[in-house]
Amino acid sequence: MAHITTDETAKGTRYTVRWKPPHAPNGKKKAYHNELEAERFAVKIERDLAEGRSTEQHSTRGNKFRDVAEAMIEAQRPRLKQSTIDNSESAFRAHVFPYFGDRHISTITAADLDAFNAHMRAKPKADGKPRTETSVLGTYKAVARVMSHAYKHRKIDFNPCVAVARPKADTQEARFLSVEEMELLIAHLRE
């Protein structure tokens with residue numbers, strides 16, 4: 001059951017919704033400065049609890065992106081190739097954790113993901129060259145896997161990746177050799 005407590009702060013009255021999910025060692029809470037919003041939220045929490053849904057994504061002490069990413073990697077480790085795990089961990093360390101690592105995963109929006117993709121496009125590679133769209137896509141895929149994992153395990157209500165324009169891989173048209181070029185190549189190889 002959810003209940004609301006009030007406190008006086010410098011910003012005015014704070015309404016804190018508190019609840020204890022089943023099988024959780026600690027209670028959860030979320031604060032509002034509007035009484036009506038707090039009451040609506042308390043009703044939502046009670047409905048989620050009554051229907052057996054997780055309320056983890058609603059807590060201000062919810063999961064941080066880094067924690068969910070690490071849990072996802074551990075859960076998928078038996079099914080993935082080591083190279084895939086290494087690439088994901090490298091992308092997380094170099095790009096994603098500095099940007100999203102300490103954010104509560106439930107606070108990340110589609111606009112945040114769009115901003116992250118723009119940040120990645122603007123960030124040069126280690127050698128100073130511009131980053132390719134394929135590189136941006138690879139890093140975005142790592143983030144999207146974490147968000148999908150969080151949604152699947154009810155740590156977020158909505159996967160914001162659904163509303164994001166996914167980066168496109170760089171593609172080059174195939175170039176085929178002409179008959180003359182093939183003959184030159186064959187002659188060169190025979191020498």
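Reader: Which residues does Ile105 touch, not counting residues up to four places away in sequence?

Author: This is a predicted model. In it, Ile105 touches Asn63, Lys64, Phe65, Val68, Val146, Met147, Ala150, Lys155 and Ile156.

Reader: Where is Ile105 found, and is it buried or exposed?

Author: Ile105 is found in the loop between H3 and H4. Residues under 20% relative accessible area count as buried. Ile105 has 1% relative accessibility, so it counts as buried.

Reader: How far apart are Ile105 and Ile156, in sequence and in space?

Author: They are 51 residues apart in sequence. From C-alpha to C-alpha, Ile105 and Ile156 are 7.2 Å apart in space.

Reader: What share of the contacts in the chain join residues at least 24 apart?

Author: Take contacts between residues at least 6 apart in sequence. Of these, 54% join residues at least 24 apart.

Reader: Now the fold. What pattern does the chain follow along the sequence?

Author: The pattern is β-β-β-α-α-α-α-α-α. In total, the chain has six helices and three strands.

Reader: How does the radius of gyration of the chain stand against the globule rule?

Author: The radius of gyration is 24 Å. For 191 residues the globule rule gives 16 Å, and the chain is well over that, so it is more spread out than a compact globule. The C-alpha trace spans about 85 × 40 × 25 Å along its principal axes.

Reader: On to the rings. How many aromatic pairs does the structure hold?

Author: Seven. One of them joins Phe65 and Phe100. Their centres are 5.8 Å apart, with 40° between the planes. Planes under 30 degrees apart count as stacked and those over 60 as edge-to-face, so a pair between these limits is tilted. The Phe65–Phe100 pair is tilted.

Reader: Which parts does the pair of Phe65 and Phe100 tie together?

Author: Phe65 lies in helix H2 (residues 65–76) and Phe100 in helix H3 (residues 82–100). The pair therefore ties together parts that are 35 residues apart in sequence. Both partners are buried: Phe65 has a relative accessible area of 0%, and Phe100 has 1%.

Reader: Which residues do ring pairs link into a cluster?

Author: Phe65, Tyr99, Phe100 and Phe116.

Reader: Which ring does the charged end of Arg66 sit over?

Author: The ring of Phe97. The charged end of Arg66 is 4.6 Å from the centre of that ring.

Reader: Which residues does His149 touch, leaving out those up to four places away in sequence?

Author: His149 touches Val68, Ala71, Met72 and Ala75. His149 is found in helix H5. It is buried, with a relative accessible area of 11%.

Reader: How should I read a positive phi?

Author: Most residues other than glycine have a negative phi. Here, Arg154 has a positive phi of about 60°, although it is not a glycine. Arg154 is found in the loop between helix H5 (133–152) and helix H6 (179–190). At 42% relative accessibility, Arg154 counts as partly exposed.

Reader: And confidence? Where is it lowest, and where is it highest?

Author: Where pLDDT is low, the predicted coordinates should not be read in detail. For this chain the mean pLDDT is 87. Of its residues, 95% reach 70 or more. Confidence is lowest in strand S3 (residues 28–32), at a mean of 83. It is highest in helix H4 (residues 110–122), at 94.

Note on methods: Residues numbered from 1 in each chain as written. Predicted model: local features only at pLDDT ≥ 70, side-chain atom pairs only at ≥ 80, totals over all residues. Heavy atoms only, no water. Phe/Tyr/Trp six-rings, centres within 6.5 Å; stacked < 30°, edge-to-face > 60°. Helix = DSSP H or I, 4+ residues; strand = E, 2+ residues; numbered from the N terminus. Buried < 20%, exposed > 50% of the residue type's maximum accessible area, 1.4 Å probe, protein only. Lys NZ or Arg CZ within 6 Å of the ring centre and 35° of its normal. Rg over C-alpha atoms; globule rule 2.2 N^0.38 Å. Contact = heavy atoms within 4.5 Å. pLDDT = per-residue confidence, 0-100.
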